[in-house]
Amino acid sequence: MSQRLGTSVARKEDPALLSGRGRYADDLPVPAGTLHAHVIRSPHPHADIVSIDPAEALAKDGVWAVITGDDIRKISDPFLVALKSPIHQWSLAVDRVRFAGEPVALVVAESRYLAEDAAELVQIEYAPLEAIVDPVAACKPSAPILHPDAKTNEVSVRKFAYGDTKSAFERADRIVKLTVDFHRLSFTPMECFVAVAQYNPANDSYDCMANFQGPFSTHPVMARALRVPGPKMRLRIPPDSGGSFGIKLSVFPYVVLAALAAKITGRPVKWVEDRAEHLLAASSGPNRVTEIEAAVTKDGKILGLKMDQLEDYGAFLRAPMPGPLYRMHGAVTGGYDVPNIDVINRVVLTNKMPASLIRGFGGPQLYLALERLVQRIAIELGLDHLEVIKRNLVPPEKFPYHAAAGSLYDSGDYPRAVETAIGGGRLDYLKKRRDEARAAGRKYGIGFAVVVEPAMSNMGYLSTLLTPEARDKAGPKNGATSMVTVNLDPLGAVSVTADVTVQGQGHETVLAQIVAEQLGLTPGDVDVTLEMDTAKDQWSIAAGTYSCRFTPGTAVAAHMAASQIAAKLKGIAAKQLNVLPDDVELVGGRIRSRSNPDNAVSFSRIAGTSHWSPVMLPDGMAPVISETGVWNPPELAPPSGDDRINTSFTYGFVFDMCGIEIDPITYQVKVDRYVSMHDAGKILNPMIADGQIRGAFAQGVAAALYEEFVTNEEGAFLTGTFADYLVPTVSEIPEVEIIHQETPSPFTPLGAKGLAEGNCMSVPACIANAIADALGVKDVQLPATPRRIHALMAQHGGVR
Amino acid sequence: MRRVNKDQRVRISLTLNGRKMSADAEPRMLLSDFLRHSLGATGTHVGCEHGVCGCCTVQIDGTAVRSCLTLAMQAEGREVTTVESLAGPGGKLNKLQQAFQNHHALQCGFCTPGILMSFTDYLARNPKPTEEELRDVLGGHICRCTGYAGIMAALKEAAGLTNANEPTGAKS
Ligand code: FES
Ligand code: FES
């Protein structure tokens with residue numbers, strides 16, 4: 001069985017996880033004397049806090065403290081926000097609550113059961129205010145203002161112009177317009193948030209543990225809120241995490257809250273979120289209203305685009321928001337060669353839970369609008385949808401391709417990917433199924449979606465939010481640094497640490513594969529430890545697991561670290577084997593002469609040399625005990641003066657195609673067949689890659705058909721349990737046929753790109769297009785629940 | 001079941017994975033909390049605490065139950081089995097566990113112990129299930145990572161519906 005990079009090596013993670021030996025945050029030991037916290041949350045979406053009376057709760061045995069906003073504002077600062085706007089958020093509400101579920105007070109007691117009991121005794125009086133939940137209405141002058149100091153709910157408006165969109169629209173044969181609404185949802189990891197904190201008054205430092213996922217650019221945000229320098233806010237992240245999908249970034253306000261509670265009580269404090277809290281208040285993807293229009297020729301060529309994107313971040317702009325609006329910015333034209341585009345980005349705040357990171361991160365919102373528009377272009381011009389797609393794809397000869405808004409697409413052959421996907425009888429099958437269904441009077445539709453999937457974010461992308469002048473003042477932001485360290489122990493054993501957080505992606509396995517490959521070992525010979533300690537591990541602000549940075553980033557750093565070790569070991573071995581370093585190779589646990597393989601020595605002997613006899617090293621060589629690979633690709637430049645930004649480092653390609661049928665009795669959308677074509681460059685471990693694709697696919701289906709956070713007009717949250725918020729089970733997830741094409745990235749030594757988010761972006765668009773085809777409708781609101789489908793059909797006379 | 005006052009702490013004894021154990025607890029303590037925090041068996045996970053996700057599934061006297069919907073007291077004197085019991089000597093994975101690894105049926109692994117405990121019970125009672133029956137039982141669990149395809153493949157292998165020598169996932 002091959003264990004090489006590029007093969008499906010079985011996961012090193014699995015035996016422990018299958019045996020109940022995982023070490024998740026709530027499994028880890030806590031310091032003696034740890035107290036337990038329970039968060040009291042606002043029942044109102046918008047209200048002034050009139051008074052909080054903790055007396056009765058404090059009188060109970062075992063209750064240590066009831067902490068309020070007034071307590072924490074004295075000893076902490078509001079969280080830093082990307083936008084220079086007076087939107088102040090502390091880890092507890094101060095004076096006013098702005099969403100149902102907002103933390104108002106923290107009860108700290110000897111056990112969680114006691115803390116929950118005591119919470120019932122805390123008397124809180126609120127003066128309710130009018131709430132605003134609709135993003136469009138929130139921009140109106142008459143709307144209640146969430147943050148009076150900001151004077152408006154529409155806290156940021158930026159206009160961008162690339163190329164000559166005006167003349168493109170003048171030249172066009174036709175203008176096609178659409179308004180698209182993307183809803184709120186979360187991918188709710190099965191493990192909820194956990195935070196444990198200790199405070200040491202002797203040196204004013206905090207020692208925290210949480211299932212935080214990164215980005216580590218949030219670490220300074222936490223440290224600043226706690227009013228300490230970064231090294232005095234030590235954060236440890238456990239070796240296992242029960243899923244994340246972007247969501248566990250949002251544990252960070254609770255890390256700060258636990259830290260403050262530890263300072264106030266003088267005892268370590270632990271908080272474990274429950275599912276009801278998680279659904280109510282943890283995190284949501286932002287909802288977005290996009291007005292999009294295309295200037296097209298009559299044969300379907302897109303000459304120019306205009307987009308007005310209004311994104312709703314809920315009650316606060318938590319770091320690094322408004323990321324979803326800007327993360328895709330350079331690639332806003334998707335897979336199409338469109339040189340002219342005007343974009344308006346608006347950020348609005350409403351009385352809903354704050355939005356934050358979520359797998360796909362801005363992609364689902366962008367592509368639902370763009371891909372629905374392309375389908376509409378075909379309908380309005382009387383052309384075939386697929387023909388319009390093909391006419392506009394970026395042609396292969398243009399790579400590396402400079403997209404209008406600044407992304408540099410590294411590699412790809414989009415037309416070939418599309419041809420492969422529709423070939424093999426796959427499209428013919430869908431057409432046959434559609435014909436048969438329609439002949440029988442049933443509603444069947446075919447959908448397509450084209451997605452360019454970015455990976456590894458440019459740390460400067462969010463500064464596109466600022467004007468060029470403001471950026472100049474703030475200093476340049478750009479790049480993305482990845483770091484991996486490979487260590488050699490005295491007996492030549494190899495171990496690895498890396499700047500990622502574990503969430504289930506199989507990083508341990510893939511890192512072992514990469515390092516083993518360079519050192520002539522097997523993945524089983526390489527130990528990988530991925531728990532993280534900000535005080536002792538290597539990290540940059542880019543660290544963490546998000547935006548598919550592992551494959552184009554950390555994996556490359558691992559390759560570099562292992563290559564550095566290999567080069568030095570060759571030097572050491574050359575001296576011992578009495579050959580030139582160029583003649584040395586590392587193979588099968590041996591280090592040997594290429595020209596005379598019998599002249600060999602074991603890997604472990606050479607690898608241990610720097611421990612046991614550093615004096616014997618070749619002249620001038622420093623001991624080789626650990627090497628850190630540091631990778632920072634030069635392509636990630638800061639935004640230019642004309643606002644072009646290469647938002648990400650690699651750009652994969654996804655082409656999806658599906659057939660759906662509407663059940664005539666239940667109005668359910670049934671996926672008949674789904675095909676997903678991926679070009680993510682070189683695949684490092686096909687089994688793990690397909691696992692990521694299947695996981696993203698299921699979440700894409702969930703977003704398209706099932707999951708939605710519902711807040712009513714008054715601001716009450718209606719989806720607070722798994723009985724109301726419908727996470728698909730096995731019966732709801734259709735099969736997906738995955739096809740790969742490999743166009744290696746020329747910018748990374750591994751040629752590999754990210755691939756774990758593409759289907760979160762493509763599936764909602766593809767299914768929405770299929771529904772539009774099935775019902776002949778223009779507006780398809782997701783999730784396309786039976787109730788919505790029934791309403792659509794009633795409106796269009798399709799209900800029998 | 002014995003009668004206790006709700007505020008009085010009680011000693012609860014049970015057999016966990018073949019070993020007699022006991023600890024003090026409030027009568028209202030959930031079995032999931034008791035196993036994890038009083039007995040240190042952290043392999044059993046809690047994903048919703050309202051009976052929907054299946055993460056917390058353990059067996060009591062051989063029957064799969066949701067430990068978040070069970071009071072610790074209800075397990076008094078009974079045999080509780082958790083995921084920690086499944087592997088053989090030296091940590092050797094059993095057939096079901098091995099099938100999960102073969103088919104990449106887990107990513108974060110948080111849902112996995114509950115699924116393993118459900119199917120350990122189910123396959124013991126129904127050793128020759130159909131694919132539909134497997135799907136029905138799996139429908140009682142939520143996995144957020146995998147999209148379920150790998151889990152179904154693993155269950156089919158474990159139930160003998162597919163050949164163990166031809167895994168679809170790993171070992172290409
Ligand atoms: S934790 Fe028991 S079913 Fe979810
Ligand atoms: S493997 Fe993560 S929830 Fe199932």
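A:Pro322 sits in the loop that runs between strand S14 (302–312) and helix H10 (323–327) of chain A, and in this predicted model a cis peptide bond, with omega about 0°, joins A:Met321 to A:Pro322.

**Backbone features of chain A**

- A cis peptide bond with omega of about 0° also links A:Gly214 and A:Pro215, and A:Pro215 is found in the loop between strand S10 (205–210) and helix H7 (218–225) of chain A.
- A:Asp204, which lies in the loop between strand S9 (194–200) and S10 of chain A, has a phi near 50°, a positive value in a residue other than glycine.
- These features deserve a look because most residues other than glycine have a negative phi, and most peptide bonds are trans.

**Domains of chain A**

- Chain A is divided into domain 1 (15–129 + 193–272), domain 2 (287–460 + 637–795) and domain 3 (481–631).
- The C-alpha centres of domain 2 of chain A and domain 3 of chain A are 39 Å apart, and their contact draws on 24 residues from domain 2 of chain A and 21 residues from domain 3 of chain A.
- Between them, domain 2 of chain A and domain 3 of chain A bury about 1,600 Å², with 74% of that area on carbon and sulfur atoms.
- On the side of domain 2 of chain A, A:Met456, A:Met459 and A:Leu750 supply 32% of the area buried against domain 3 of chain A, more than any other three residues.

**Domains of chain B**

- Chain B is divided into domain 1 (10–82) and domain 2 (89–158), whose C-alpha centres lie 21 Å apart, and the contact takes 17 residues from domain 1 of chain B and 12 residues from domain 2 of chain B.
- The two domains of chain B bury about 1,000 Å² between them, of which 57% is on carbon and sulfur atoms.
- Within domain 1 of chain B, the residues that lose the most area to domain 2 of chain B are B:His45, B:Cys55 and B:Gln59, which together account for 37% of what that side buries.

**Contact between the chains**

- Chain B brings 50 residues into contact with 50 residues of chain A, and the area buried between the two chains is about 4,100 Å², with carbon and sulfur atoms giving 59% of it.
- B:His104, B:Gln107 and B:Arg144 supply 19% of the area that chain B buries against chain A, more than any other three residues.

**Helix packing in chain B**

- Helix H2 (residues 95–102) of chain B packs on helix H5 (residues 149–158) of chain B at an angle of about 140°, with their axes 8 Å apart, and the two helices are therefore oblique to each other.
- The crossing of H2(B) and H5(B) is right-handed, and the contact is made by B:Lys95, B:Leu96, B:Ala99, B:Phe100 and B:Asn102 of H2(B) together with B:Ile151, B:Ala154, B:Leu155, B:Glu157 and B:Ala158 of H5(B); by class these residues are 7 nonpolar, 1 polar and 2 charged.
- H2(B) also packs on helix H3 (residues 112–125) of chain B, at an angle of about 130° and with axes 10 Å apart, which makes H2(B) oblique to H3(B).
- The crossing of H2(B) with H3(B) is right-handed, and here B:Leu96, B:Gln97 and B:Phe100 in H2(B) meet B:Thr112, B:Ile115, B:Leu116, B:Phe119, B:Thr120 and B:Leu123 in H3(B), a contact with 6 nonpolar, 3 polar and no charged residues.

Conventions: Residues numbered from 1 in each chain as written. Chains lettered and ligands numbered in written order. Predicted model: local features only at pLDDT ≥ 70, side-chain atom pairs only at ≥ 80, totals over all residues. Heavy atoms only, no water. Axes fitted to C-alpha atoms, helices over the stretch in contact; angles between N-to-C directions. Helix = DSSP H or I, 4+ residues; strand = E, 2+ residues; numbered from the N terminus. Parallel < 35°, antiparallel > 145°, perpendicular 65-115°, else oblique. Left-handed = near helix turned anticlockwise from the far one by under 90°. Contact = heavy atoms within 4.5 Å. Nonpolar A, V, L, I, M, F, W, Y, C, P; charged D, E, K, R; others polar. Domains from an automatic or database assignment. Buried area = accessible area lost by both parts, 1.4 Å probe.
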